[in-house]
Every structure is written in C-alpha cells, then in structure tokens.
Amino acid sequence: MDNHPAFVLGVSMFVLILLHRFIQYDEVKNMRRSLLSVGLAALVVLIWPATAIAATLPPLGTAGNYAVLAGSTITNTGPSWITGKMGLHPGTSIVGFPPGTSGQRDKTNGAALQAKSDLTIAYNNAAGQTPATTLSGNLGNRTLVAGTYKFSSSAQLTGRLTLTGGGVFLFQIGSTLTTASASSVRLVNGAQPCDVFWQVGSSATIGTSTAMVGTIMANASITMTTGATLNGRALARIGAVTLDTNRIIQPSGCGYAAPTYVPPPSSNVLPATLGIPQELLGSFPWILVVGIGAGVGATALGVSARR
C-alpha cells in the first residue's frame with residue numbers, strides 16, 4: 001500500500017496514452033466519446049484508493065456527544081485531560097476529577113441514560129455489519145484502506161497501524177483489544193478520527209504511551225494505562241472506564257461539533273492537540289496530484305476529440 005500512489009500514477013498515464021492513440025484513427029472517430037467515458041470511469045476507479053469491504057458509520061446518536069461513557073464507574077488517577085463530556089449510567093461513581101479535568105459530567109441522569117441506550121444501538125450496528133475482511137494477529141506495521149475488518153477473537157496492536165484515505169474504518173473484534181506500549185494509529189491521505197471505530201466484544205486495554213485513534217465501543221470495560229492518548233471516544237457499555245494520566249479529545253466531524261474547551265489540569269504533562277494530518281507534516285499528497293493530472297489529461301482529450 002505504501003507504493004500505491006506511484007502505481008496509480010503509472011497506470012493512469014498508461015491508460016491516457018492508450019486512449020489518445022485510439023482516437024487518432026478515423027475508423028474509431030465515432031467511438032471517441034464512448035472511449036473517453038470509459039477512460040474517465042477507469043481513472044476514477046484507479047485513482048480512488050482500493051477499499052476493502054465498505055463500512056458505514058455506526059449511528060452513535062447522543063453517545064457521540066461524549067468523550068467518555070461507562071456503565072459501572074469512571075475512575076481516574078493523575079492529571080488526565082478530557083476534552084469532551086463524560087457520562088455514567090447506571091453507576092454512580094466518578095472519581096479522580098480533580099486532579100483530572102473534563103467537560104460536563106452526566107451521572108445517572110436522563111442524558112446519560114439516553115446516551116447509553118444510543119451506544120447499545122451503535123454497538124449492535126457495528127457488530128452486525130457484513131461482509132467483512134477477516135484479519136488475525138498483530139495490526140502493527142500494516143497499512144489499511146477504509147472498510148470493515150473482523151477479528152474472530154482478540155486483536156493486538158504492537159507498533160504502528162496506518163489508515164489511509166477517506167471512508168469508514170470499522171474493526172469488529174470478537175473478544176479483547178490490547179495495544180503494546182508506545183504503539184500508534186496513524187491517519188494519512190484524508191482519513192479522519194471520526195471515521196474510525198473499534199467494536200470490542202469484551203474489554204479494551206490501551207497500553208502505556210499508546211497514541212490511539214477512533215471511537216472505542218467496548219461491551220465490557222476500557223482501561224487506558226499511563227500516558228496513553230485517544231483522539232476519539234472511550235465508550236464502555238457495561239463496565240468501567242479506567243484512566244491514568246491520559247489525554248482524550250472527542251473528535252468533531254461526521255455530524256458532531258467540536259467539544260467545548262476544557263482547561264488542562266494543573267501540572268499538565270499532556271499534549272494540547274492530537275492527530276495532525278500527515279499531509280500537514282510534509283508527506284506529499286500524491287493521490288491528489290494524480291487525480292488532478294488525470295482530470296487535466298481527460299479534459300485535453302475531450303477537447304481534442306471535438307476537433
């Protein structure tokens with residue numbers, strides 16, 4: 001996948017050359033428009049990154065308005081910084097704020113109850129999406145395009161997982177999700193945090209200093225160990241969300257506004273922002289360049305065909 005832009009560029013140029021050669025002959029002049037249409041369609045297919053099996057956004061409803069949502073308890077140790085609301089139902093214990101800071105806390109009230117109900121709907125929707133591409137083993141050192149990916153049992157992330165291109169990334173995990181220390185999820189070529197979902201059949205454990213991305217919907221509990229960050233949401237249906245000096249930013253987009261500003265805790269050691277798009281860090285947007293080039297080439301061919 002890392003060589004996809006170069007491959008697309010080569011194939012796109014080849015298709016354009018063939019198309020130009022065809023329309024030079026008198027006997028196919030009447031086919032110019034047909035050939036041009038076919039060529040354009042082929043280029044669109046080639047330029048758009050090949051997807052796995054398409055996923056759709058799980059309907060989060062009001063659960064999408066929360067950075068942290070749990071069933072039994074929300075427990076924090078250290079100066080965690082949560083940009084977004086927290087909700088708890090039917091449990092009654094939210095502890096560790098302060099020293100942590102967060103947005104509004106809905107505890108065993110109507111808003112939390114509705115969010116938990118909406119979470120169940122979203123969780124079931126995510127778990128039931130078919131078909132899916134089957135994966136196993138370590139997610140690290142892989143590059144994946146948008147689609148639905150299924151682990152029959154547990155999933156691990158050791159190292160870096162790269163998600164590339166637009167669209168929804170849905171990971172269906174039969175039992176546990178575990179990340180090793182200092183692992184990361186990297187978004188490139190237009191992938192967005194609000195489009196990434198982790199449906200976890202039991203519990204999720206995000207390892208020390210892991211840079212995680214996406215909405216985690218765990219059937220049981222979610223544990224974020226020391227220094228782990230999440231550009232997304234930690235939503236536990238039944239159990240607890242346990243935090244320890246973590247940075248969580250509820251993502252905007254996909255129908256949700258940016259969360260209200262939350263000041264950092266005192267003695268803050270956590271970053272203010274998470275997940276700068278790779279394109280802004282110097283990675284050249286080859287897909288965009290190829291798309292523009294193909295469009296210019298197709299336009300030139302259309303002009304030539306009308307002469």
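These are my notebook entries, topic by topic.

**Ground rules**

I am working with a predicted model, in which local features need pLDDT of at least 70, side-chain atom pairs count only at pLDDT 80 or more, and totals for chains, interfaces and linings use all residues. Residues are numbered from 1 along each chain as its sequence is written, and side-chain values use heavy atoms, with hydrogens and water left out.

**Confidence**

I looked up pLDDT, the predictor's confidence in each residue, from 0 to 100. Its mean over the protein is 83, and 72% of the residues reach 70 or more. I marked residues 1-9, where pLDDT is below 50 and the stretch has 16 contacts beyond near neighbours in sequence in the model. I also marked residues 38-51, again with pLDDT below 50, with 23 such contacts. Contact here means heavy atoms within 4.5 Å.

**Overall picture**

I found four helices and 19 strands in the protein. Helices (H or I, at least four residues) and strands (E, at least two) are DSSP runs, numbered from the N terminus. How many of the 307 residues count as buried? The answer is 47%, where buried means under 20% relative accessible area, exposed over 50%, and partly exposed in between (1.4 Å probe, protein chains only). The accessible surface comes to about 13800 Å², and 61% of that belongs to carbon and sulfur atoms. Those areas come from the Shrake-Rupley method with a 1.4 Å probe, and for residues only the protein chains shown count as cover. I also noted that, among contacts between residues at least 6 apart in sequence, 53% join residues at least 24 apart.

**The disulfide**

I searched for disulfides, meaning pairs of cysteine sulfur atoms within 2.5 Å. The structure holds one. It joins C194 to C254, with 2.1 Å from S to S. Where do C194 and C254 lie? C194 is in the loop between β12 (184-188) and β13 (196-200), and C254 is in the loop between β19 (247-249) and α4 (286-305), so the pair ties together parts that are 60 residues apart in sequence. The torsion about the S-S bond of C194 and C254 is about 60°, so I wrote this disulfide down as right-handed. C194 is buried, at 7% relative accessible area, whereas C254 is partly exposed at 32%.

Next I looked for aromatic pairs. Rings of Phe, Tyr and Trp (its six-membered ring) pair if their centres lie within 6.5 Å; planes under 30 degrees apart count as stacked, over 60 as edge-to-face and the rest as tilted. The whole structure has two such pairs. The ring centres of Y149 and F171 are 5.5 Å apart and their planes are at 20°, so I count this pair as stacked. Y149 lies in strand β8 and F171 in strand β10, so the pair ties together parts 22 residues apart in sequence. F171 also forms a stacked pair with W198, at 4.3 Å centre to centre and 10° between the planes. W198 is in strand β13, so its pairing with F171 in β10 ties together parts 27 residues apart in sequence.

**Strand β12**

I followed β10 (residues 160-173) to its neighbour β12: five bridges join these strands, which run parallel. Two strands pair if DSSP finds at least two bridges between them. Four of the five residues of β12 are buried, so the strand is largely enclosed by the rest of the structure.

**Backbone details**

Which peptide bonds did I note as cis? One joins H89 and P90, with omega about 5°, and P90 sits in the loop between β4 (85-88) and β5 (93-95). Another runs from P98 to P99, with omega near 15°; P99 lies in the loop between β5 and β6 (105-107).

I then noted positive phi values outside glycine. N141 has phi near 60°; it is in the loop between β7 (133-135) and β8 (142-151) and is exposed, at 69%. A182 has phi of about 65°, lies in the loop between β11 (177-179) and β12, and is exposed at 58%.
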